[in-house]
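Please read the following points with the model open beside them.

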Amino acid sequence: MSISYDKINKIWTSEREESIYSEKTSLGEIVYQQLQNFPNKVIQIDDTNNTKVTAQEAWEWGIRIAQHLRQLKLDENDVIGIVALNTTYVLPAAIGCLFNGTPIHTVNPKLDLDTISHCLNITKPKLIFCDGGNCELLQKASSSFNPIFYTLSEHIKGIPKIVDMLKATTGETKYRPAKLSKGVKQTVAILCSSGTTGKPKAVCISSSLFLFYDWINNNESVLYISSGIDWITGIYFLFSSCIRGFTRIIFNKTFETSHFLEILKKYQITTAFLSSRYVAALVQHPDVSRENLKHLKSITFGGSALSEVNSEKLIQLCSESAKISFCYGSTEMGPISQRCEKRKFNSVGKLFNNLQLAIVSDEGQHLGPNEIGEIIVKMPYPWNGYYGNPQESAKAVDDHGWFHSGDVGYVDDDHDLFIVDRKKEILKYRGLQFSTNEIEGVIAELTGVRDVCVVSVFNETDGDLAGALVVLAEGSNLKQQDVIDHVKQRLVSPHKHLNAGAYFVDKLPQNLNGKLIKKEASELLRKLAAKNHLVK
């Protein structure tokens, strides 16, 4: 990745790479054409029921669903919801909406009623594709606008099902995807921000984001990705498989290391995208071996930091030729940087192509190399903002087009980016600032620690008290006091100590895509600290 640095304006710029597609061509038109280039290629395997979908089937199903949507008079000005687990018919539902030019709002079906209701009431979709088991909950969540429901799985009496849309129609051979008024800049998907620290916002994603990045260009690749299409990587690879022709392996349950090892062998998976927390669980699993991972040619992880110890274990388990990388990004901007080198384990790597990056102070001044400030990023195409929320959109992107990430970090002399912490999560104990990331890194050094999260509880006298939630590796004899003492020895300053204690838990609060839910972690720490009389 070629990076240049403007010393006068203090801006890092990556290499510009033009898309091969016209700005007037929609993503739907591209997928429509590409699926016809490899009709017999299996682009999706549902491991839950061993159902395979070829490009030809996806193309035909997408057309038929799009025709049905046109009959319902839905177009680019409407929104269609997909609130479902990874099952066979999520693919044609998404393609049908794409062909019809109607943006899809994807929501995780395992969220609680209040959160789902909050998300759906932002966009008020006219139609919702869902699993029958969640239909009643979704009807409650959407009672204020009463959408039409179609089930993708677990069909129930009285509710239309997607298979009714898949019957052959007259005129489907003459069908052409909808022409969109904004072409490649049109919103094609609306994703909920992770909501790890508050209520999610509805992020509008344009075709541009899907066309500027080419993660997999080998149609012989077999991809494993645990996230659903409510996650940016999940929906990206759904559409990318339609364009590139590689095979996606999907399933409708939460990631489990033993299951991952099984399907690695079953499908000879070549490419895997995982949460960093899943990688930590993988490398510490008693059954993992170099033999298990021999087919992997590429493994990418992200969502949170991975300790140097676990990073080294992953390198040792994979073949020498395997590409191992960490990716840093956001729902709003997509991928921002990637670390591919087997060095600088505490960095998040170098900028992806087509981006500019700057580090700014609290006063908005651009900072130079090795100076810490907020990370801001600029893309070559406009961001479509948060759906129905111009106020928050204006806060996220300033008048000069810079997206304010909320992450604090710096760029070193080699143009490698480092994350220090979230801007809103730099905490203070007795007036002194500390970073939870720094403490987590120290705890991760301990043998026997599988996963760790450091959050805080507030004390009116002292301010923020750091506390650790620790998941132990199998067979570990580590004691809670060992963790507290290790932090004291490694971090001399008392404001960085575990003043709210250390606690062993079976698992950390996280969403289905493996990302930590800080709000729930903080609530759990408060309860545990209160039991030990460290806070009131």
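1. Gln268, which follows helix H8, has a positive phi, near 50°. Helices (H or I, at least four residues) and strands (E, at least two) are DSSP runs, numbered from the N terminus. This is a predicted model, in which local features need pLDDT of at least 70 and side-chain atom pairs count only at pLDDT 80 or more, while totals for chains, interfaces and linings use all residues. Residues are numbered from 1 along each chain as its sequence is written, and side-chain values use heavy atoms, with hydrogens and water left out.

2. H8 itself spans residues 257–267, and its buried residues include Phe260, Leu261, Ile263 and Leu264. Buried means under 20% relative accessible area, with a 1.4 Å probe and protein chains only. Strand S3 (42–46), strand S13 (271–275) and H9 are among the elements against which the buried residues of H8 pack.

3. In helix H10 (residues 308–317), Asn310, Ser311, Leu314, Ile315 and Leu317 are buried. Seen down the axis of H10, these residues fall within an arc of 165° (taken from the directions from the helix axis to the C-beta atoms), so they line one face of the helix. Their cover includes helix H9 (276–283) and strand S25 (449–459).

How values were computed: Buried < 20%, exposed > 50% of the residue type's maximum accessible area, 1.4 Å probe, protein only. Contact = heavy atoms within 4.5 Å.
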